Amino acid sequence: MLQHFDPNKDYGTPASLSEKMVTLEIDGVEITVPEGTSVMRAAALHDINIPKLCASDNLEAFGSCRICAVQIEGRRGTPASCTTPVDAGMKVTTQNDKLAKLRRNIMELYISDHPLDCLTCPANGDCELQDMAGAVGLREVRYGFDGNNHLDAPKDQSNPYFTFDASKCIVCSRCVRACEEVQGTFALTIDGRGFDSKVAAGQDEDFLDSECVSCGACVQACPTATLMENSVIDMGTPEHSVTTTCAYCGVGCSFKAEMKGDQLVRMVPAKEGDANHGHSCVKGRFAFGYATHKDRIKAPMIRDSIDQPWKEVSWEEAIGFAAKRLKDIQAQYGRESIGGITSSRCTNEETYLVQKLIRAAFGNNNTDTCARVCHSPTGYGLKQTLGESAGTQTFDSVMFSDCILVIGANPTDAHPVFGSLMRRRLREGASLIVADPREIDLLSTPHLGNSTHLPLRPGTNVAMINALAHVVITEGYEDKEFIAARCEQGAYAKWREFIIEERHAPENVEEITGVKAEKVRDAARKFATAKNASIYYGLGVTEHSQGSTMVMGIANLALATGNMGREGVGVNPLRGQNNVQGSCDMGSFPHELPGYQHVSDAVARARFEKVWGVTLDDEPGLRIPNMFDAALSGEFRAMYVQGEDIAQSDPNTQHVEAALSALDCLIVQDIFLNETAKFAHVLLPGSTFLEKNGTFTNAERRINRVRKVMPPVAGKEDWEVTVELSNALGYPMNYSHPSEIMDEIAQLTPSFANVSYDMLEKHGSLQWPCNDEFPMGSPIMHTESFPIGDEGKALFAVTEFVPTTERANGRFPLLLTTGRILSQYNVGAQTRRTDNQAWHDEDILDIHPHDAEERGIKTGDWLGITSRAGQTVLRARVAERMQPGVVYTTFHHPGSGANVITTNNSDWATNCPEYKVTAVQVEKVSQPSEWQKNFQDNHERQYEFLRSAASSADAVK
Amino acid sequence: MFHTEEESIVTMINHIAQNNVSAGSDSDVADIVENHIIKFWSRRMKKILAEQLASGTEEFEPAAKLAAERLSAKVSA
């Protein structure tokens with residue numbers, strides 16, 4: 001009988017990757033499996049299910065519970081089937097009287113020290129111990145319960161999301177192994193020996209106080225109710241599930257949203273998810289409470305000016321009000337006086353519709369997206385060199401990498417599930433090079449390979465990448481064959497001439513980067529001589545005044561060493577938000593139609609014009625910072641912002657606030673009254689990812705389905721609101737489901753030509769390009785050629801290091817760099833409304849002990865941080881991980897005003913802000929900054945406006 | 001940091017020129033700058049650039065100024 005692999009079934013041990021097949025007999029059935037497969041897995045693949053407790057197919061076999069014992073002809077005893085690999089000709093018996101008795105005896109011992117409270121246990125109906133007791137036919141416990149036991153062991157309820165009930169623990173070590181093997185944190189251990197053995201977090205601390213990162217892998221692995229989600233304890237077990245895609249970072253994990261009716265009980269990472277393979281982080285698994293938070297905007301609201309209370313109105317009235325204002329403004333100030341911003345948190349379909357609305361209904365190209373302030377240099381730099389504005393690999397590709405270079409990224413915090421995969425590869429022996437001003441957690445990962453930290457000064461990335469490439473070329477490590485076959489020779493010759501100049505030698509760059517030359521040379525040699533070397537980078541690369549140059553420098557290094565077009569290599573931008581890749585793909589930038597087709601391309605434009613039925617502008621529109629400037633000059637008067645919080649996330653907050661205040665009409669569509677909405681005239685309720693259908697595209701170009709699991713709180717999915725606004729403006733849009741929008745995207749976007757909801761249902765997910773040339777999508781790009789030039793050859797780019805003008809001096813002697821933390825997400829609008837606040841309820845300024853001592857600063861002191869742009873106040877943390885002269889903070893809390901001090905400096909090619917380099921001075925202070933005082937006043941006033949709208953509406957009802 | 005939109009436009013075009021200085025002569029650099037502006041700058045930014053050029057400001061770097069002049073000439077043609 002043909003056996004199909006069922007990803008939801010637990011096969012007990014991981015799959016073997018061997019190509020050599022072995023045939024054996026289990027219970028008289030002839031079975032052929034890859035060499036290295038365990039007897040347990042071989043049996044399970046053919047639906048012969050051997051009882052198990054300590055085994056799980058996402059963990060290496062452990063063989064501690066002995067429940068899975070079998071008999072093998074010609075072998076003594078009863079070996080554990082999980083730890084016994086198959087042999088050719090092996091004959092296995094999984095069920096007979098002897099095995100049944102053995103299993104019952106083992107189970108009897110387990111149950112003799114386990115509470116018999118099944119009917120009131122939160123795992124009732126979802127408990128492997130209960131299932132196995134039934135499977136082995138346990139009918140009595142002869143030992144009684146009077147002896148020594150653990151039944152009174154205390155509960156650890158310190159973690160806000162799960163409870164550790166030690167009385168139910170069977171010490172199977174699945175949680176400990178999940179923490180090590182799946183997550184890579186090593187926070188759990190088995191403490192004590194024999195009867196005293198117990199699971200312990202950290203140094204026998206509470207879970208919350210330990211180094212546990214609350215990824216939940218232990219909870220998922222637990223076969224009993226020992227580690228259990230508090231939501232299940234409170235609500236009971238779910239009754240149905242819907243598979244969807246996480247709306248946090250760019251990893252794009254697949255989850256089963258497990259439901260009771262329309263109530264979400266828990267999020268369980270999907271084993272069949274191609275991006276996450278059943279793993280998750282604290283945000284994706286647990287931080288979904290914001291969806292039902294009391295702060296959700298539940299009704300449309302309007303007001304004439306931002307110093308007035310809101311008025312709750314019907315959808316029809318709000319849309320009509322917005323459309324009239326937009327039309328009136330255009331009539332008075334011209335076609336280009338309005339614009340909009342698409343959201344990297346919304347779906348591809350929603351993003352596509354917003355830019356279509358702007359181009360077709362507004363009649364201009366004044367569309368931009370938050371990628372402007374994060375990965376726009378990636379779009380520019382990779383397009384210039386490799387021909388496509390996207391990363392080249394799958395996440396799984398890292399498992400084939402022998403040397404991993406991480407630049408300006410902190411995967412364990414910002415892309416945690418991929419960070420865990422990377423850690424797994426490091427444990428297998430890959431070497432690690434980290435170029436970052438800070439000593440990131442990845443460097444402290446226990447692993448077999450060696451690791452190198454290049455602690456460069458902020459703002460010196462390009463000097464560093466040039467030095468690395470200089471060593472590759474001058475020491476003869478370049479891949480001449482690859483360069484000759486795959487790269488354009490003229491561009492290579494020009495770059496080669498540039499890069500061999502002595503000024504790029506590590507010894508001459510040491511003064512700039514602050515990193516010892518020999519360390520740079522060693523790193524370059526390590527990277528160049530690895531069989532497969534890969535580069536992963538983040539916002540520490542892009543958010544600089546030379547961000548685009550650095551992206552091109554990264555591409556140069558990969559090309560020069562021939563690390564392109566196969567597994568284990570490539571250039572991999574780690575995208576910040578869930579759909580940054582998608583929002584760029586969907587034509588959110590002012591100069592590009594969907595699929596990165598330039599607005600000046602008459603052929604491309606004609607195709608859009610034919611389908612959209614309008615004439616399109618052939619000039620690029622305004623970027624976000626241009627919109628602010630134009631607003632302040634009075635030429636730009638109205639803006640439609642869907643799912644972005646530019647007032648918090650964009651640099652130089654006071655400049656942004658002044659621009660937003662100058663608008664005649666700001667339409668904000670969001671799930672909360674965010675910072676931007678405080679300047680709005682129309683507030684349209686947004687829908688969370690749980691309340692809509694669509695697709696997200698992750699950092700590996702993977703298009704994955706988002707499926708509605710509950711109705712939108714205000715009755716409409718975000719795409720429906722855009723459709724209504726467009727229709728009210730007189731530009732008809734007629735879609736009944738996002739699948740129809742995707743069909744239009746496929747029609748107009750060459751790299752999406754074969755994408756449809758039917759294809760996604762069939763294949764789970766697809767990586768673009770997905771078209772006639774690559775009908776099943778493209779996991780690895782550029783395997784044969786590059787989509788650039790006539791010959792498909794990659795272009796080296798000359799990468800001159802132009803230092804930022806934002807420099808430390810006597811008045812501002814420190815360099816501030818900003819970043820993210822694991823428990824919070826971006827501007828924090830979602831995670832601040834969850835129990836993730838337990839880990840990070842305020843933004844802190846990290847400062848090196850030397851700098852702190854010079855200023856008499858201790859951890860916990862209030863610090864005034866002053867830059868050329870402004871001042872804010874944060875609490876201090878003295879941290880060894882900082883280098884002297886560099887301070888660091890996050891921007892997750894609006895009241896922190898982190899962006900009050902960041903400047904208008906930006907990338908030369910894309911205007912991506914230079915968040916990573918701000919010259920500052922810090923000093924001890926005793927009160928908030930003026931901006932913070934004003935912020936608090938405005939915050940209270942705007943929330944009062946919101947409350948008064950709700951109470952007025954209640955009175956009318 | 002720059003303070004006015006006009007200053008920022010001049011700073012930006014200079015910045016593009018500085019980052020492409022390896023292209024060769026001022027004329028070669030100006031080619032890249034000109035193409036970049038055509039491809040990525042909005043109509044409004046180009047207008048402010050032309051106004052700054054016409055104002056006679058001395059803040060332009062040579063290659064940036066050359067690019068601005070070529071762009072202005074195209075508009076006038």
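**Stop 1: a covered helix**

Just after H25(A), Gly730(A) takes a positive phi of about 95°. This is a predicted model: local features need pLDDT of at least 70, side-chain atom pairs count only at pLDDT 80 or more, and totals for chains, interfaces and linings use all residues. Residues are numbered from 1 along each chain as its sequence is written, while chains are lettered from A and ligands numbered from 1 in the order in which they are written.

Helices (H or I, at least four residues) and strands (E, at least two) are DSSP runs, numbered from the N terminus. Now step back and select H25(A), residues 718–728. Nine of its eleven residues are buried, so the rest of the structure largely encloses this helix. A residue is buried if 20 or more other C-beta atoms lie within 10 Å of its own, exposed if 12 or fewer, and partly exposed in between; the C-beta atoms are placed from the backbone. The buried set runs through Asp718(A), Trp719(A), Glu720(A), Val721(A), Thr722(A), Val723(A), Glu724(A), Leu725(A) and Ser726(A). Their cover includes helix H8 (315–333), H9, strand S24 (638–642), strand S25 (665–670), strand S26 (682–685) and helix H26 (738–748) of chain A.

**Stop 2: H9(A)**

Select residues 348–362 of chain A. The expected span of a helix is 1.5 Å times one less than its number of residues. For the 15 residues of H9(A) that should give 21 Å; the end C-alpha atoms are 20 Å apart, which agrees. H9(A) is mostly covered, with 15 of its 15 residues buried. Gly363(A) follows H9(A), and its phi is positive, near 80°.

**Stop 3: two sheets**

Colour by strand. Two strands pair if DSSP finds at least two bridges between them. One open sheet has seven strands in the order S14-S13-S26-S25-S24-S15-S16 (chain A), with mixed pairing. Strand S14 (311–312) and strand S16 (367–369) of chain A stand at the edges, each with a single partner strand, so one side of each lacks a neighbour in the sheet. Zoom in on S13(A), residues 301–302: S13(A) and S14(A) pair in the antiparallel sense over two bridges. Met301(A) stands opposite Glu312(A) in S14(A).

Next, find the open sheet of three strands, S5-S6-S9 (chain A), with antiparallel pairing. Its edges are strand S5 (155–156) and strand S9 (227–229) of chain A; each has a single partner strand, so one side of each is left without a neighbour in the sheet. Three bridges join S6(A), residues 162–165, to S9(A). Phe162(A) stands opposite Glu229(A) in S9(A).

**Stop 4: a helix crossing**

Select H13(A), residues 461–474, and H17(A), residues 517–529. At what angle do they pack? About 65°, with their axes 9 Å apart. Axes are lines fitted to C-alpha atoms, for helices over the stretch in contact, and angles run from 0 to 180 degrees between N-to-C directions.

**Stop 5: loop residues**

Go to the loop between S8 and helix H5 (217–221) of chain A, where Asp204(A) sits. Ser214(A) is found in the loop between S8 and H5 of chain A. Phi of Asp204(A) is near 55°, a positive value in a residue other than glycine. Phi of Ser214(A) is also positive, near 55°. Most residues other than glycine have a negative phi, and most peptide bonds are trans.

Then pick Pro769(A), in the loop between strand S29 (765–767) and strand S30 (814–819) of chain A. The peptide bond from Trp768(A) to Pro769(A) is cis, with omega near 0°.

**Stop 6: toward chain B**

Select Leu622(A), in the loop between helix H21 (602–612) and helix H22 (624–633) of chain A. Leu622(A) is buried, with 26 other C-beta atoms within 10 Å. Residues are in contact if their C-beta atoms, placed from the backbone, lie within 7 Å. Among the residues that Leu622(A) touches are Ser42(B) and Arg44(B).

Finish on the interface. Here 16 residues of chain B are in contact with 24 residues of chain A. H1(B) gives the most to the side of chain B that touches chain A, with five residues.

Technical notes:
Two residues are in contact if their C-beta atoms, placed from the backbone, lie within 7 Å. Lists of a residue's contacts leave out its neighbours within four places in sequence.
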